[in-house]
Amino acid sequence: MGKALVLTPPWFAPFLVFLAQWRGKVWYKELFNRSQDGLATALAALAWQFFQQNPVYLGPWNVSAGVGIATASLAFFAVNTTLVTTAIHLANKVTWREAWRRNFSWLALSYLLLSPIALLLARAYETPLLGNWGGWTVLFFLIPLYYSRFYWDEKVRLEAAFDATLETLMHALEAKDPQTRLHSERVAEIARDLARKVKNGDEAYAQAVYRAARLHDIGKIGIPEFVLLKPGPLSPAEREAIEKHPEFGAEMLKPGAKVAFEPLVYNIILYHHERWDGRGYPKRLAGHEIPEEARIVGLADAYEAMTAGRPYRKAKSPEEALREVQEMSGIQFDPRLVEAFIELWQEDPLWRDREAYLKAKAGKEGSVSRFILPPLSSPWASPSPSESGQGTSEE
């Protein structure tokens, strides 16, 4: 498309975009997608033509081509993302800023780097640098780009394998403890928002924390069912068994350390029950000795557990749980994270109220119950959901 934009009249590239990409989906969505793509391409073409007709000089050098390429790239990106973000904002009733951040903030840098390259290649084809054919120049530059794309595709496949592995492991744990899936999903969403806030909007970090938080309790697969599903408070021996689950989880994922799971995943699984005052488990770490991502998930885990309730303990209201988080600031939780969590909570996110969260999940998925399998029978005890009854972060 960059070649068409540079080498053809301004009307041709938008016309080609509008006609060539119909995919037979819902007609009005396709019409919107093709129209906004065509409009963005038209404005990019006009920006390019403007600087070809009005040359820009930097001293003795004519920099019209470079300025035209940069302006065309910016125009296309700005128009395309603005229109799509506005459509998402109106359709999903989320703030415009949030819709842009979730869908395009991560794309901006790569797009603004790659789009000028595509236009430069089109320009190189028009003005050969090697031989008498511009194709040699294009081929010369495409070789490193091909290998970059190859490694990018490998990264995408690796992330897909990670997600598939995550789902498999979560289903395995869900078969033992029916409550774990929804617990882990809500913990992960709380942790993602908190990570994003304390890292000033770093979406890559927030997503990494989200993925890892989905696995934070995976070590419970190694806990006997009569302990995991006990309907009342745990004995000292049973508590000791429960407190092994972070180490079980880290050990389970150890074979994937060099292939799929980065250190952040292990930090969250192994240390999410550590406490700021050093009285957590399994390593008795304190303060900043605890990795930040584990502190984030630990707070999210505690809030979810407090508002979930158990057969032997009434669930706390969101307000009661927030007060307990505040009271445990500097004791169980990192004070800086508590401040950020309070600010998030006051914004009234969906995860704040567990009942509202479950209703939303039920509406989105068709039925929350489709994720919950019948508990496995145990020769030692009648299966029913349980957690240890001491502290706020045991889940």
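In the predicted model, Pro282 is located in the loop that runs between α13 and α14. The peptide bond that joins Tyr281 to Pro282 is cis, with an omega of about 10°. The loop between α13 and α14 also holds Arg284. Although Arg284 is not a glycine, its phi is positive, at about 60°. Arg284 has a relative accessibility of 52% and therefore counts as exposed, the threshold for this class being over 50%.

His272 likewise belongs to the loop between α13 (263–271) and α14 (292–308). In contrast to the exposed Arg284, His272 counts as buried because its relative accessibility is 1%, where buried means under 20%. Two polar partners of the His272 side chain were identified. The side chain of Asp217 forms a polar contact of 3.4 Å with that of His272. When residues up to four places away in sequence are not counted, His272 touches His216, Asp217, His245, Asn267, Ala294, Val297, Gly298 and Asp301.

Asp348 is situated in the loop between α16 (335–346) and α17 (354–365), whereas Arg284 is in the loop between α13 and α14.

Definitions and conventions: Residues are numbered from 1 along each chain as its sequence is written. This is a predicted model: local features need pLDDT of at least 70, side-chain atom pairs count only at pLDDT 80 or more; totals for chains, interfaces and linings use all residues. Side-chain values use heavy atoms; hydrogens and water are left out. Helices (H or I, at least four residues) and strands (E, at least two) are DSSP runs, numbered from the N terminus. Buried means under 20% relative accessible area, exposed over 50%, partly exposed in between (1.4 Å probe, protein chains only). A polar contact is a pair of N or O atoms within 3.5 Å; within protein, one must be able to donate a hydrogen and the other to accept it, and residues adjacent in sequence count only if both atoms are side-chain atoms. Contact means heavy atoms within 4.5 Å.
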